[in-house]
Amino acid sequence: MNATALSDLSADDLAVLLEEQRTAYEQLKTQGLKLDLTRGKPSAQQLDLADGLLRLPSTTKDSAGVDVRNYGGLEGLADLREMFAELLWVEPEQVVAGGSSSLTMMRDCLFYLTLFGGVDSERPWGREEKVRFVCPVPGYDRHFTLLESLGIEMVTVPMRDDGPDVDAVAALVADDPSFKGMWIVPTYANPSGSIVSQDVAARLAAMPTAAPDFKIFWDNAYALHHLTEDEAKSADILTLASAAGHPHRPIMFASTSKITFAGAGVAFLAASSANIAWYLGHLGNGSIGPDKVNHLRHVEFFGSPQGVRDHMARHREIIAPKFAEVDRVLTERLGGRGIATWNTPAGGYFVNLDVVPGTAARVVELAKAVGVALTPAGSSYPYKQDPDDTNIRLAPTMPPVDEVTAAMEVVATCVLLAAAEKAAEQASA
Ligand code: PMP
């Protein structure tokens with residue numbers, strides 16, 4: 001902790017540090033490690049928590065007597081919509097319970113907007129000369145690749161602790177109608193851990209936009225994924241937008257991918273009544289109804305919204321120690337060196353590590369060569385281009401704690417080595 005900042009080291013001390021890190025790194029090569037901190041997946045232990053689902057449902061009918069085995073009910077099972085409406089702070093009739101992936105719901109919305117336009121569009125987005133999205137960075141890589149696949153141009157704004165830089169967003173969208181929307185992960189954002197404040201949410205809901213059909217894709221993937229007992233409540237974007245006269249601006253998404261099973265959970269979409277009718281209208285051309293058997297077993301498994309909250313507390317017991325390890329190793333190995341900053345998220349699935357500019361790709365390469373897989377540098381930016389080559393996303397939930405520790409020791413060595421290499425290179429330039 002009392003380590004000297006690299007910038008304060010003499011040339012000789014820097015040479016010593018570089019040599020020490022090279023030796024430590026060579027030592028890592030002999031260990032035959034095979035560790036992975038790449039994707040934000042739940043661990044097997046977390047998935048085990050929901051194994052009760054495998055023996056459910058115990059009946060074939062919901063509380064209203066609907067036979068869940070049959071077609072129908074495109075909007076999803078009422079009991080489940082009601083349960084998650086409470087958890088997402090919206091009205092049950094504003095919620096659709098769908099298939100297993102919220103990302104697919106986001107993609108469908110973008111496809112419908114592109115092909116048909118929204119409830120407030122003058123024409124389909126596909127008939128506009130140019131469509132652009134505001135992308136807070138660092139952000140979720142799959143949001144960006146999805147937009148890229150549709151030829152939607154991405155313009156970045158900084159993500160801060162209280163959400164996107166709202167002045168920058170407002171300035172972009174005020175006069176330029178090609179800006180049709182933006183992404184936001186409002187609670188424990190991927191990967192920054194930020195929580196959008198009530199004030200930022202209110203401004204985003206109310207800001208003037210040149211496009212009449214501007215959409216906020218409010219991806220609340222981590223709404224319930226607290227790592228501390230201080231459980232953040234997401235801003236009520238639907239009410240804020242409605243009060244500001246833009247009821248159709250936000251579309252909210254969530255899922256139980258990291259609550260029950262990541263491959264067999266339930267995804268949700270919430271929005272204004274008109275948006276819900278619009279979404280279901282298009283969805284209905286390709287579906288006669290969702291997997292209501294899965295909906296019912298989720299209803300039975302949880303029993304109530306409180307059942308979901310209690311379940312999330314059990315997740316926290318499993319993963320909070322892994323996040324604590326990430327912080328401990330980074331603090332012990334890199335604290336005071338002036339070469340890295342990182343967040344200590346209060347929820348979500350990621351730690352955001354910023355290293356010496358120009359070294360993130362080198363750190364990832366060094367780690368890979370000794371058997372530690374990290375998310376490729378630049379992944380949290382549109383087109384995978386981190387302009388400063390500084391950002392690394394760490395995902396510690398999947399490996400067991402001892403592997404998180406081992407992987408983080410490697411990360412710390414690689415960050416130090418890359419920083420020392422850079423400093424030596426600059427000193428000799
Ligand atoms: N949004 C965010 C911000 C995510 O981090 C993830 C999962 N990594 C998803 C969406 C994917 O959600 P789903 O499993 O519901 O498709």
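## Bend in helix α11

The bend at a residue is the angle between axes fitted to the seven residues ending there and the seven starting there. In this predicted model, α11 has a kink of about 35° at Ile318, shortly before the proline Pro321.

The helix comprises 30 residues, and its first and last C-alpha atoms are 41 Å apart, close to the 44 Å expected at 1.5 Å a residue. Buried positions in α11 are Val308, His315, Ile319, Lys322, Phe323, Val326, Leu330 and Leu334. An α-helix has 3.6 residues a turn, so residues three or four places apart point the same way. Just after α11, Gly336 adopts a positive phi of about 80°.

## Domain organisation

The domain assignment divides the chain into domain 1, formed by 6-46 + 309-428, and domain 2, formed by 62-302. A distance of 31 Å separates the C-alpha centres of domain 1 and domain 2. To the contact, domain 1 contributes 24 residues and domain 2 contributes 28 residues.

On the side of domain 1 that touches domain 2, α11 (305-334) and β13 (391-394) each provide at least two residues. The largest share of that side, six residues, belongs to α11. By class, the side of domain 1 that touches domain 2 consists of eleven nonpolar, nine polar and four charged residues.

## Ligand surroundings

Which residues surround the ligand? They are Gly40, Ser101, Ser102, Leu103, Tyr140, Val185, Asn190, Asp219, Ala221, Ser255, Ser257 and Ala267. Classified by side chain, the shell around the ligand has six polar residues, five nonpolar residues and one charged residue.

Val157 belongs to strand β4, which covers residues 153-160. Is Val157 buried or exposed? A residue is buried if 20 or more other C-beta atoms lie within 10 Å of its own. Val157 has 20 other C-beta atoms within 10 Å and is therefore buried.

Not counting residues up to four places away in sequence, Val157 touches Val134, Pro136, Pro164, Asp165, Ala168 and Val169. Of these contacts, Pro136 is 21 residues from Val157 along the chain, while the C-alpha atoms of Val157 and Pro136 are separated by 4.7 Å.

Key. Residues are numbered from 1 along each chain as its sequence is written. This is a predicted model: local features need pLDDT of at least 70, side-chain atom pairs count only at pLDDT 80 or more; totals for chains, interfaces and linings use all residues. A residue is near a molecule or strand if its C-beta atom, placed from the backbone, lies within 6 Å of it. Ala, Val, Leu, Ile, Met, Phe, Trp, Tyr, Cys and Pro count as nonpolar, Asp, Glu, Lys and Arg as charged, and the others, Gly among them, as polar. Domain bounds come from an automatic or database domain assignment. Two residues are in contact if their C-beta atoms, placed from the backbone, lie within 7 Å. Helices (H or I, at least four residues) and strands (E, at least two) are DSSP runs, numbered from the N terminus. The expected span of a helix is 1.5 Å times one less than its number of residues. A residue is buried if 20 or more other C-beta atoms lie within 10 Å of its own, exposed if 12 or fewer, and partly exposed in between; C-beta atoms are placed from the backbone.
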